[in-house]
Amino acid sequence: MANTETADNAEPTRRDFIYIATGGVAAVGAALTIWPFIDQMNPDAAALALAQVEVDVSALEPGMSLTVKWRGKPVFIRNRTAKEIEEAEAVDVDSLPDGLARNANLAADAPASDANRGADGREAWLVQIGICTHLGCVPLGQQGAYGGYFCPCHGSVYDTAGRIRQGPAPENLHIPVYSFVTETKLRIG
Amino acid sequence: MEGHSTYQPKNGAAKWLERRLPIMGLAHSSFVAYPTPRNLNYWWTFGAILSFVLAEQIITGIVLAMHYVPAGSLAFSSVESIMRDVNFGWLLRYIHANGASLFFFAVYIHMFRGMYYGSYKEPREVLWILGVLILLLMIAAAFMGYVLPWGQMSFWAATVITNLFSAIPLVGPSITEWLWGGFAVDSATLNRFYALHYLLPFMIAGVVVLHIWALHVSGQNNPLGIDVKSKKDTLPFTPFATIKDMFATVVFLILFAWLVFYLPNYMGHPDNYIPADPLKTPAHIVPEWYFLPFYAILRAIPDKLLGVIALFAAIAVLFLLPWFDTSRVRSAKFRPIFRQFFWIFVLVCIGLGYLGSQPAEGGYVIASRILTAYYFLHFLVILPVIGLIERPKPLPNSISESVLQGSGAAAPATGSKG
Ligand code: HEM
Ligand code: FES
């Protein structure tokens with residue numbers, strides 16, 4: 001396109017510049033127009049508004065657990081027995097398939113020690129998103145070789161701290177942002 | 001093989017139209033005068049059967065859509081009311097649900113036919129690739145359709161399959177939330193799946209048009225896999241192929257009716273009559289039978305990302321099949337070694353399907369790994385190597401010579417005008 005007018009002139013002409021600039025603006029405009037069509041599929045305002053739930057956990061004795069729904073997902077709340085905590089503490093963190101705590105309340109690189117998995121200052125309480133980190137099934141509680149969780153879909157096994165021990169799941173069960181508002185009331189989100 | 005039109009508009013109105021839009025001539029040259037190899041067998045009727053099933057799915061789908069409600073709170077009960085209240089709703093739904101199964105049954109036969117007779121080879125590579133594209137769109141359409149009744153299997157199929165995308169490094173989780181329109185599979189997900197489920201069959205119909213266009217450019221392959229050389233090798237599409245296709249479709253309809261009227265839920269899963277519960281996964285989730293081989297491949301690999309890659313690679317290799325096969329001889333009839341490996345491959349695919357239906361534990365996992373490895377070896381190693389070492393049997397001179405057993409052999413090869 002550059003040399004259509006004067007064969008000896010190798011410099012781009014003013015017309016070339018205008019062509020390219022116009023084309024460039026059109027391309028940017030097209031890209032910007034596509035965005036609303038893509039972004040409309042992202043979680044909408046109503047989905048984002050469901051961001052917090054409060055749960056009364058006073059009825060949970062050690063060894064019991066409860067599943068609540070938060071943002072459309074199950075959240076496991078488990079009051080662990082002393083034995084379950086002991087077993088989880090005894091594990092060498094370096095030997096775990098996933099060495100990270102995956103705890104949204106802690107730094108991203110916190111190690112997967114039992115203290116980092118349990119609730120802050122209340123180690124017996126384990127609060128986790130009940131979604132297998134493999135392909136999203138809900139694992140069954142108090143089951144599997146480690147007495148923690150077993151996912152029936154493709155056989156992932158988690159321990160009593162919700163850490164992946166066997167099977168295809170790559171990560172420990174995720175821990176959502178939560179806090180105890182009172183002794184018996186838990187706020188998730 | 002252009003099959004140029006011999007269409008002569010007969011009356012004034014037809015002439016008037018033909019000068020302005022030569023659509024009758026196009027239809028005539030594509031479906032009446034179109035020359036088909038005279039040795040086609042019944043494996044060649046599955047294209048017509050598939051066209052029939054696509055039309056049937058679209059028609060039953062549109063009428064189901066008049067009663068179905070794509071909202072998490074109502075979807076399950078609207079399907080129940082289709083089953084109980086809507087006039088003939090049970091029939092329409094059973095036709096649509098079993099039609100999806102039979103669609104895959106027919107497409108898999110159609111594809112194995114192509115593999116056996118080398119229909120993907122030069123000059124039909126684009127035709128084959130369009131076919132694999134149709135398979136991909138069918139997979140997406142059937143998956144999203146299966147989500148619509150919003151039973152337990154629907155919900156957990158949606159969850160597991162959308163989570164495949166979470167395996168993508170870095171952006172995976174954002175992509176899955178984008179697909180869901182929330183933080184889990186929910187009503188928003190159902191609603192968009194419904195919109196896409198309505199759209200995809202029409203996209204399939206569009207690609208089918210391209211597929212048939214490509215077919216009519218290169219001409220049909222045939223059981224001998226040799227090119228059409230003279231007019232004597234072919235017969236006009238109508239009445240020969242038309243009648244044969246219709247006969248095969250009627251036989252297929254007998255199987256269809258038997259399923260719909262006697263075993264309507266045989267292909268389905270009882271758990272899908274339990275409403276979706278996001279807090280409880282059924283103890284044993286399995287996809288529909290037509291996805292089982294792919295599911296077995298996914299589960300054979302103990303790593304999440306690699307499992308997902310293997311799943312997609314299982315389809316990607318199909319796209320490249322024309323280039324993995326190094327033999328220039330098309331039909332397995334003349335390829336003694338390939339023919340054996342073809343049947344082994346069929347058995348491996350069936351074996352993978354069986355393993356996909358079994359729990360992922362113990363011996364099943366080991367067997368899935370072996371068969372998964374074989375599946376890929378077939379494409380990546382076995383096909384290229386056989387092409388190099390095999391000595392094909394001599395090919396016949398022409399289709400007519402082979403079919404007419406010598407009676408036409410004396411005829412000199414005339415300049416082929418196709
Ligand atoms: C490529 C063609 C198609 C395939 C493979 C397909 C597949 C499926 C499948 C597997 C189901 C679930 C059946 C069940 O278990 O109940 C389904 C449901 C449904 N499909 Fe389709 N479908 C196709 C075309 C269409 C079209 C064109 C429409 C609408 C225009 C449609 C509308 C529906 C509706 C409303 C349902 C929910 C009712 C029900 O569950 O039976 N489908 N489809
Ligand atoms: S979803 Fe849990 S093991 Fe696959």
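Trainee: Which domains does the assignment give for chain A?

Mentor: Domain bounds come from an automatic or database domain assignment, and for chain A that assignment gives domain 1 (8–39) and domain 2 (49–188), whose C-alpha centres lie 52 Å apart. This is a predicted model, in which local features need pLDDT of at least 70 and side-chain atom pairs count only at pLDDT 80 or more, while totals for chains, interfaces and linings use all residues. Residues are numbered from 1 along each chain as its sequence is written, chains are lettered from A and ligands numbered from 1 in the order in which they are written, and side-chain values use heavy atoms, with hydrogens and water left out.

Trainee: How many residues does the contact take from chain B and from chain A?

Mentor: Contact means heavy atoms within 4.5 Å, and here 27 residues come from chain B and 27 residues from chain A.

Trainee: What is the area buried between chain B and chain A?

Mentor: Buried area is the accessible area (1.4 Å probe) that two parts lose on being put together, summed over both; for chain B and chain A it is about 2,200 Å², with carbon and sulfur atoms giving 66%. B:Trp178, B:Phe183 and B:Leu279 supply 33% of the area that chain B buries against chain A, more than any other three residues.

Trainee: What is the count of salt bridges between chain B and chain A?

Mentor: A salt bridge needs a side-chain nitrogen of Lys or Arg within 4 Å of a carboxyl oxygen of Asp or Glu, and the count between chain B and chain A is zero.
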